[in-house]
Each structure stands twice: as C-alpha cells, then as structure tokens.
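The model is shown here.

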Amino acid sequence: MKKAIKKSSPATPSRSLYDTADLARVKYRAKPGVSEALVREIARAKKEPAWMLKKRLAALALFKTTPLPHFGPDLTKLDLDKITYFIRPDTTEAKTWADVPAEIKNTFDRLGIPEAEKKALGGVGAQYDSDMVYHKLKKDLADKGVIFENMDTAVHEHPELVQKYFMTQCIPINDHKFIMLHAAVWSGGTFLYVPKNVTVDLPLQAYFRMNAKSGGQFEHTLIIADEGSQVSYIEGCSAPRYNVNSLHCGGVEIFVHKNARVRYSSIENWSKDTYNLNTKRALVDEDGVMEWVNGNMGCLTERALVATPNGPVSIAALSPTQIVYSYDERVKKIIKSTVIRKIFSGTKNVYRLEAGGREVEASGNHPFLTLERKKRHPDHKKMFFETIWKPLRDLRFGDMVAIAKTIPLSGKPFKLPALICNDLIKSNNQYRAFTMSTKHLYNPIASPSHTNEDFMWLMGLLIGDGHIDKKRNKINLATHYTEDYRDEVCGVLQRLFNYTVTEKKDRYIIINSKTLCQLFTAIGFGGTASSKTVPAWIFTLPPTQIKAFLAGYFDSDGHVATYAIAYTSISKKLLEQVKLLGIYVGYGVSHITQHRVAGTVTILGNKCQASDSWRLLFNGPEIISLPSRCKRKRKKILLLKTRRNYRGASGLNFASQVNEFVGFARVTAIKKIGRIKTYDIEVEKYHNFIANGLIVHNSGVTMLYPSSILRGRGARSDSLGVAFAGPGQNQDTGAKAIHAAPNTSSTIISKSISKDGGINTFRGLIKIMPNAEGTNASMVCDALLIGKKSIANTIPELKIKNEQVNVAHEARVGRIGEEEIFYLQSRGLTEQEATRLVVSGFIEPIVKALPVEYALELNRLIEMEMEGAVG
Amino acid sequence: MSLQIKNLSVVTANKTVVKNVSLEVKPKLISVIMGPNGSGKSSLANALAGHPKYTVTTGKIFLDATDITKFSPEKKAKAGLFLSLQHPPAIPGVSVANFLRLAVGAALGQPQNPQEFYKKLATKLKELNMNIDFARRHVHVGFSGGEKKRLEILQLLMIKPKYAILDEIDSGLDVDALKVVAEGIVAAKKTGTGLLLITHYNRLLKYVKPDLVSVMTDGRIIKTGSAQLALEIEKNGYLSFHHALRGSK
C-alpha cells in the first residue's frame, strides 16, 4: 500500500521537504513587537484606505487592554513582543510561474504547487510570508465573476465587499484577544467571492507558508458564497521548523448565503513549534450548507538536561537533528535517536519529581515510564509487573518510575590542545632589552595528544582539591604528605608531562609550570572552589576515563560514608554535573543535600567564614570498581555495604523488567515548584528521552475546533475530523455547531486513532437556541484504539434551549482485534501492514471526502505516525 | 510435495484441543475432516495457520518439506498456505478490491499494479457470476453468510495457494451459494491446490468428491478412509464411530 501511494503521488509533499528554510529574500522586516507605529506602517506599506487603518487601530486598542484568554492551552509566556509581525518578501506579485523568483519557486516546487496546478485545479494562491507571490485564476472562473484574490488586493479592488464582510459579523474584532491582535496586524490571505448561482467545480486551494524565522502569520481568509453558489476550498499549511516559536494566528471567515454550499478542507501539519491559534468560523444562512473537513496531527512539555552523546544538554538548547539517548522499550535498551523537533510549550505549572536520587522538573501532563503490578487473570494470585507510560499528575509517592542506570557511552578520548611553550623571556639590563631562551634551564614539558586515565585522574584531583594560581603560574594540588597517593601524583606528572615535582609542602604539592596552567585552563579547569565546573567534553569520554576522573575527585575530596561514597562541595552545580557523570557510567546516585549552612566554622582552631556546602553520595554495587588510587580509601570502599541495583523495592522483585541500562526506583517526592517555561522535544521512533537520568516521554497537544453558526432557516453544517495520537501524544480536537434558526441541521463526525498509549479527546458542542425548533443535530465519535493503554475521551456538550429538536449523540470505541489482524496476516500481510490497513479503513469516510492529493497527504501522515512501534 | 502434519497437539485457553494428529494434504487432492461440533477441527485449522491463541505444543508441520511449525501467519501465507476462516472478520473502510490486491501481492511477493489487477479481478468476478460492485464493497461488512464464503472462495482463486484449509466453507449457505463454493473448490483443485475441507455435514460432498475423508472426535483422528466414509457418517452419525472405537478398546 505504501509503495502504491508513493508512486501515485509525486505532488505529495513529504515532511522533510518543509524542513529547510530558504534564504528568504526579505524586503522589509518590521521590528519585533506590536505598536501603533507598526500598525500604521503596515497600513502605509499596503497603501490601505483609511477605514481599514481605523479598524486596525481600534483592534489594537482593544488588544492592549484585554487580558489573555483562560481557555485552551497555556499561552501566558508566548512572547508577543518577540514576534515579527510583518515581513514583505522582496518581490511583487507575479502572474505567471516564470516570473516567480528562483528561491521562492524552489520552496513551492518542493511543496508541489505547480504540480497541483498541472492537475488543473481551479486556481492557486500561494502565500509566501505576507504577500501573495503567485496567484492565478482560471479564465473561465474569472468569466463567471468569481473573485479569487489576495486579501490585500481585495481591500483595494473590492472595498464594498470587504468593508461589509471583513471582521464584522462572523468574527468581530472584539471576539477575543488573539482576534484583536489578528485584526490589528493581519496581512495577506485569500479573498474568495462566488457570485449568485455560480458553481465552482474544482476545489480552489491556497498554500500558506511561514518562512522567515519567528514570522507571525496573520493571514485572513474571507470566503463569501453568495446565494445558490457552490465552492470547495482547501487550505494547506506547512511551516519550516525553527527553534524560536512561531505564531500562527489566522482568521477564517466564511459566509454561506441562502442555498449556497461551501466545503472547507484543511490538513493541519504545522511544524510543532508553531503556535496555532486559528479561529475558523462560518455563518450559514437559510438552506445553506457548510462542510468542514479536518485532518490533524500535533504535539507538548518539559525542561531538563537531556542525555546526549555530547554530554547533558539543556532541553532548551537542543535542536532538531541532534542525537539524544532514547529507551527502546522493545529490546529494553538505551540507544541513540534523533531529535525531530523541539517545542517551546509555554509557561506551565511545574512539579519536581524525585526518584532514585534523580530529580526532574516537568509539567503535570508529562509522561514517565512506570511499573505497574497486574494480574494476568483475575483469579490468579501471582502479580506481574508491566511497564506503562503515566503522566506526572497520575504519579504518587511510592510509585515506580524508570531510571537510566547507565548510558551506553561510545566515548572517545578528548584531543588535548597543543601546548603553548614560551621558552623565550623578554628582559632588559642597563644596556638594552633582550630575549633570552630558557630552554636549557628546564626539562621541556610534554603532553599526551589525547586524554587518558592518568590524565583524567589528575583532572579529578585538580577539580577536587586543586587550585590554579594564574598570577603566579603555578598549580597547588592538595595532597597531604601522609597520603599514600602522593607518590602516584608525582609519578603521573612525570609520565604525562615529563614534569618532576620539586616543591612539596606538608599539605600540598606545587606544580610550577605556566604551560600546564595554560593547558588546564584552556580545557576548562580554571575555576575557583565556588566556580569550578565539569567541562562538557568529559561526558564524551570513554567510561573508564570518566571513572578515573570521578576517582581522582574522590581521592582528593571524597570520603567513604556508611553506605556510600560522598563528595562534598560548596558548588552545588559542580555536584550536579558530577552526579550526571555518575549516572552516565552507571553509579547509583543520591539527591544532593545541604551539608552545611553558611556561617562561621572552626577549621584547625581558626574561626573562619564558610559558605553553604552540599553533599552527593554514590552508591550501588558498581562503585566497588571506582578506580581510586588511594590505597587507604580503596580498602574502605571494598568494605562498603552498598546495594542499590533498582531490581526490587520493599520486598517487590521486578528483576525481569530491569537490566544494566534500566531500573525502577520509587518516587520519593513530588513537589509543586511554580510556573516555569517548559519545552519538549520530539524524538524519532522511540518518542522518549533521558532527562536527568529519568526516562521521560515526549508529548503532544493539539487543539482545534472549527465552528458553524446556523442563522438561517434550514441551514446545515457538516463537520468531519480525524485525529491521531501516538505514544505520549495528547490530541484535543472538536467541532461546534450553533443552531440559531429553525429547522437547521448539523452533523459532527469525529474519528480518532489512539495508538500505544496515545490520548485523544474530542469535544463537541451542539448549542440549540430557543428559536431553533425542528432542529436535527447529531454527533458521532468513533475511536479506534491500537495497542495497550490507549485512551479515547469524548466530551459532548449539548446545550439545548428548545424542546422541539432531535439531537443524537453516539460514541463508539473500537479496538483493533486479534481476529482482524490474524485474518490479514493469514493473507500474507505483516502485522504492521495489517494494522495500517485497518487504520486506513477506519478513516476512509474522511479520506473519501478529501480531494485526492489531500487524501494522499493524510494517508501518508497517518502512515508516518503508524511507523515504528507497532507490535 | 505435500502439506504434512505430524503428531500435532494444540493447546488453547489451557485446554488441549488437538491431540497427536497426523495428516497429509497432497496437491490436486481434496482431503476432508469431518467431525461433530467441538471436536477440534477449527482449532486444528487455526493452529495450522498460526493463530496466536493456539499454541502447538508437540508435533511439526511441513510444507513441501519445509518445517513451517514456528512460522508467523504471514510467513506461512507466503510459503503457500491459505486458511479460510469459519467466521471471517469485517474490515470497515477497506474495499474488497484493495484487500485482494494486497493479499495477492503479499502471496506472490510482488506488489500488484492496481490497474492491471482490477482488470484481472473483473474477469474473475465474471467467471464466478459475481457483480463488479462486489469488489467495491468493504471486506465482509454487512455480508450475508453466502457472500462471506464467496469472498473467501474468490480469494482462494486469486491467491492460488499451494495448500488451502477451508474451515466450514459450506455452513450457512443456500443451494446456489453452495454450488458456487463447490465450483470454486473444484477450480482450485484443477490449478494444483491441495485442499483440506473441514465440515460436519455431507452437503458439500455431494458437489465435491473428496479423495480422502478423516473423522475427528475429541481432538483425535479416529478413522480415515475414502469418500465412502462420508456416506457412512451420513447414515449412522458420528456416535457410531465413537462407540465403535470405544468398543474396540
């Protein structure tokens, strides 16, 4: 099936086509932020008539005084001042394809627009940022009086129509805050007018495309189907992926006049870092018919240090194509995967979850991998453990969550920078200035080309109890003369750098070498006690070298506690990094606890001021192998009673779910920590990643509700929608029908597919006003569940204020059964192919309603989502 | 060259339903398993095709000397085994034509060109006196008993498997439909397919002459013989065999 689709759809854009932003030719880019000056500038640039400017300014005034809406997704920290509201590509509207500039053409070529035209679709209006660059209408349509125009042009050429319909009755400018913003800065879009009794046979389509980074897209679509006319309009959306969130705040107004019929189809395939706040509404007059067809795929939240082969990276700093570690549930291994996209998810209520010495901050809907006890049969006594993805809000104290015990590092030794040996000294005597070579005075310093275990151990000592005195060009390494590893330090310095330690004090040894000072500073060890950090490259080393580093740190500054080894530092940040290193190489870790509160302390009889200090413990059987070179401590480690392998807890044994990579630990605390900016990434194939040593899922939320207001007797609205939620995704879709006239009818059909733990929520609203007697309304929600733990919610809302109506609501939930799959398998289809075929059958009623290339696009998207974790 | 079942035992829902059954299905021959309800005939069929609910505990299945016991259902299908289910499930939204095209493509190991395939399908439908609209309907959705079996026979003829197991292909059919099914079976036989029919009536056997008849009760094959055996069953019922068997012990 897959092959057939690919073959027959050369025009079907694939996701990868959208991913690159062209080197856009931008003629004018407004300063970020919205202001009166900007609004005036937009109006001036477009040479708009005074009435439009007046409307814009009125909307702006409303926008500034209205608070953010409370409904829907959290938008409070969507930074409206960072978005560029108006960009005009460096081109004027072209009438034929040949006139379109090459790189813009390139974008459209990849989106398949000329092919679409070749297929003799009615007309193509393509929006490139704020201007229509290519807009053509078939001659016969123009002859019939159909106006298919850029919205900007329509303002000039059809002012009587625009003034009458534009943001007046359907979506008035005071509707809600984002509509006010839209009204103030709208730019571009489509104007479609179909005169009385004209039928447009072919669907008209327009592609909108956001190209400039952070470009707000405020296009306005106004469709007027005059009495007795018929038209079908298709919206196609795509945005290249960027890290900075883009805002899409379009408006779609549709007027379906008496006896007219409009079908509006869209497939929302927005780049997932786009805020999609579209408002779509139709006003349907007497005996008019409005049809909405929607297919949509979407994604949501998190903030943490994500495990990557280049060390932990803040989720906020990740970008698509970067490699991260993911957990493959099927083979129970941690493997590399690619970030597909990063999403800024807005400011959310964030909680801190603590488990197994790890903690992560996440929003309530973020899914974690947890263990659950289940009976295979209700009569069985024996309980089994099963893994399940659960959102944080459903987790309780004592629940088991998955932790990454170790990360399969494929680290490489780090290439050290070349030594800077300046053996020439500038000096002067009473006669002249001269340069003198000091080569003969010292043994030249050598250095290995790459890090090795000796080197890393020494760096551990340096970070633990070393100090680089940059002024005097010397390094103090605190090693008490009684310590048995002092000779080892001297030996390592000799081996690595050909440096012989000559200056030994009671408590420390001194390395007098500017070259080494420079080397160590250059690779990131220049900090003082409070500002020391672990350089990021250490995370890319082979585990043996990381262990050597941790051992060096331990030898100089750690001690053996009752059940664990302990590191103490006044730098909490340093300990956090050391903790992640510990997790990377498979040591059990503790929470970092405050060890001492700042104040006066007595050290060796001297009173001195001390800062806060923190403590981190390493435990678990693996620490026995810590390659400590201090014989005294090594002996103590071997005697440690430490056992933390995450194979069981409080008498529970779930060893079968645990391996060297993954263990489960009890949740020890969940605390609310307030409202913080959150991010999410989406990871290819496995849809999860490792944040602060915990395995978490990426998640998604989409919200979309087109609405029809039936205000004329006998008006009708049909709404068809399909939504897909894969693992961890949360799709929130719906439709509204408001019956405000007698004998009106509406149908809402929703099809949702939830796969492997995906959640679909459908909200349908049917509102029947007191005057709408004789109304027929029906809402059908079909949900298909694939795999275990998938969820479908239906939230119908029926507000009926008239008794003389007929309202039906039906919800069906089906599961793909073993029998269907077996039947198809026994005909030679693989389980995956069989599942795909059943799904394609399920959405067939919607696909059938779409024009062919959209049907293919929807099928392809579903197929893309279906790939991977089936079975 | 045959489908060989050797000492097969099958467990489902913790119950042994097929006990040490050995059987051979040869190309171009029609074998029949008869037996009362609950004798394990359908379980045997499902286990042969690899239904996940049926576990083969002992014994082996060979298809032309290849051990296919542990093959997945699709691999078995690709190897040339076909199972017609007693109650095939409905698959809404998937047209018969599309389903057949995929099934034939999978069985032959090469995707079928839609246009060419639909032409082929149209001719086949004509041969079977079926309306072309049949191909546009959704697989088994709202099908009558007869239509379901017709679709199964249509698949059999399009896929042309090496061996086919037809489970209760004759149940719930009127005389006309029964004739169509019987003609299909004979046609499949002619193309070289080895057939294993599972039934508990003699009705179908009036139109299709079996080469070998086996009687199954309580998970075991208790008697094997020629077409004559079927007539005996018709006359005396299954119980007589069962009693005879007991008596002989």
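The report below covers the interface, then the helix pair.

This is a predicted model: local features need pLDDT of at least 70, side-chain atom pairs count only at pLDDT 80 or more, and totals for chains, interfaces and linings use all residues. Residues are numbered from 1 along each chain as its sequence is written, chains are lettered from A in the order in which they are written, and side-chain values use heavy atoms, without hydrogens and water.

**The interface**

Contact means heavy atoms within 4.5 Å. Buried area is the accessible area (1.4 Å probe) lost when two parts are put together, summed over both. A salt bridge is a side-chain nitrogen of Lys or Arg within 4 Å of a carboxyl oxygen of Asp or Glu.

| Chain A with chain B | Value |
|---|---|
| Residues from chain A in the contact | 20 residues |
| Residues from chain B in the contact | 34 residues |
| Buried area | about 2200 Å² |
| Salt bridges | 2 salt bridges |

Carbon and sulfur atoms hold 66% of the buried area. F822(A), Y823(A) and R827(A) supply 35% of what chain A buries against chain B. R827(A) also forms a salt bridge with E152(B), with the closest N and O atoms 3.0 Å apart.

**The helix pair**

Helices are DSSP runs (H or I, at least four residues), numbered from the N terminus. In chain B, the axes of α3 (residues 96-108) and α5 (residues 145-159) come within 10 Å and cross at roughly 35°. Axes are lines fitted to C-alpha atoms over the stretch in contact, and angles run from 0 to 180 degrees between N-to-C directions. Among the residues making this contact are F99(B) of α3(B) and L154(B) of α5(B).

How values were computed:
Helices (H or I, at least four residues) and strands (E, at least two) are DSSP runs, numbered from the N terminus.
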